[in-house]
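My entries follow in the order in which I looked.

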Amino acid sequence: MIRYALHCAAGHEFESWFRDSAAYDAQVRRGLVACPECGTTRIAKRIMAPAVATREERAAAPVAMMGERERQIRAMIAALHRHVRENAEHVGEAFAEEARRIHAGEAEERAIHGVATLREAMELREEGIAVLPLPPLPDDAN
Ligand SMILES: [Zn+2]
């Protein structure tokens, strides 16, 4: 499925889904796509028609798409952080040391999270300890 930003001959803007670009072409040619506001079937794509798109519209389109993707990524990272906070014990900068103690059976086996340098994380991995880097929270000032 592909979503097209469309406008009609009267300048109304709307969006519609199509199976692919060929389906869009066929439906518009047969007059099956009508403007929801005025009902005209004289429809054109906004992004794909630079001859009628203003400079502002062309510049705005890619930004809007990136915004949606960025929102999804932010939501995923936020969910990951929430999951870790709820399911893992925070050990702060003692992370590497505590991870080794758990691995060696000297501390209770549990999920932990905290701060480690890249070097510490790589060393832990080489020792066969499962560590997962947590991407920073985009809105987190810390
Ligand atoms: Zn219209």
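Entry 1, terms. I take helices (H or I, at least four residues) and strands (E, at least two) as DSSP runs, numbered from the N terminus. I call two strands paired if DSSP finds at least two bridges between them.

Entry 2, ground rules. The model is predicted, so I read local features only at pLDDT of at least 70 and side-chain atom pairs only at pLDDT 80 or more, while totals for chains, interfaces and linings use all residues. Residues are numbered from 1 along each chain as its sequence is written.

I looked at the link between strand 1 and strand 2 and found four residues between the strands. Within this hairpin, Gly-11 has a positive phi near 95 degrees. Strand 1 covers residues 2-8 and pairs with strand 2 over six bridges, in the antiparallel sense. I noted two of the partners: Ile-2 is bridged to Phe-18 of strand 2, and Ala-5 is bridged to Glu-15 of strand 2.

I found an open sheet of three strands in the order 2-1-3, with antiparallel pairing. Strand 2 (13-18) and strand 3 (43-45) are at the edges with a single partner strand each, so one side of each has no neighbour in the sheet. On average, neighbouring strands of this sheet are turned by 45 degrees against each other, direction ignored. For such angles I use axes that are lines fitted to C-alpha atoms, for helices over the stretch in contact, and angles run from 0 to 180 degrees between N-to-C directions. Strand 1 and strand 3 run antiparallel and are joined by three bridges. Cys-8 stands opposite Ile-43 of strand 3.

I count a residue as buried if 20 or more other C-beta atoms lie within 10 Å of its own, exposed if 12 or fewer, and partly exposed in between, with C-beta atoms placed from the backbone. Of the six residues of strand 2, zero are buried, so strand 2 lies largely in the open. Over the chain of 142 residues, buried residues make up 8%.

Contact here means that the C-beta atoms of two residues, placed from the backbone, lie within 7 Å. Helix 1 (residues 21-29) lies across strand 1, strand 2 and strand 3, and runs at about 120 degrees to strand 2.

Which residues of helix 3 (residues 95-103) are buried? I found Phe-95, Ala-96 and Ala-99. Just after helix 3, Gly-105 has a positive phi of about 85 degrees.

Arg-101 has 15 C-beta neighbours inside 10 Å and so counts as partly exposed. Leaving aside neighbours within four places in sequence, Arg-101 is in contact with Glu-106 and Ala-107.

I counted four helices and five strands. Along the sequence they follow the pattern β-β-α-β-α-β-α-β-α.
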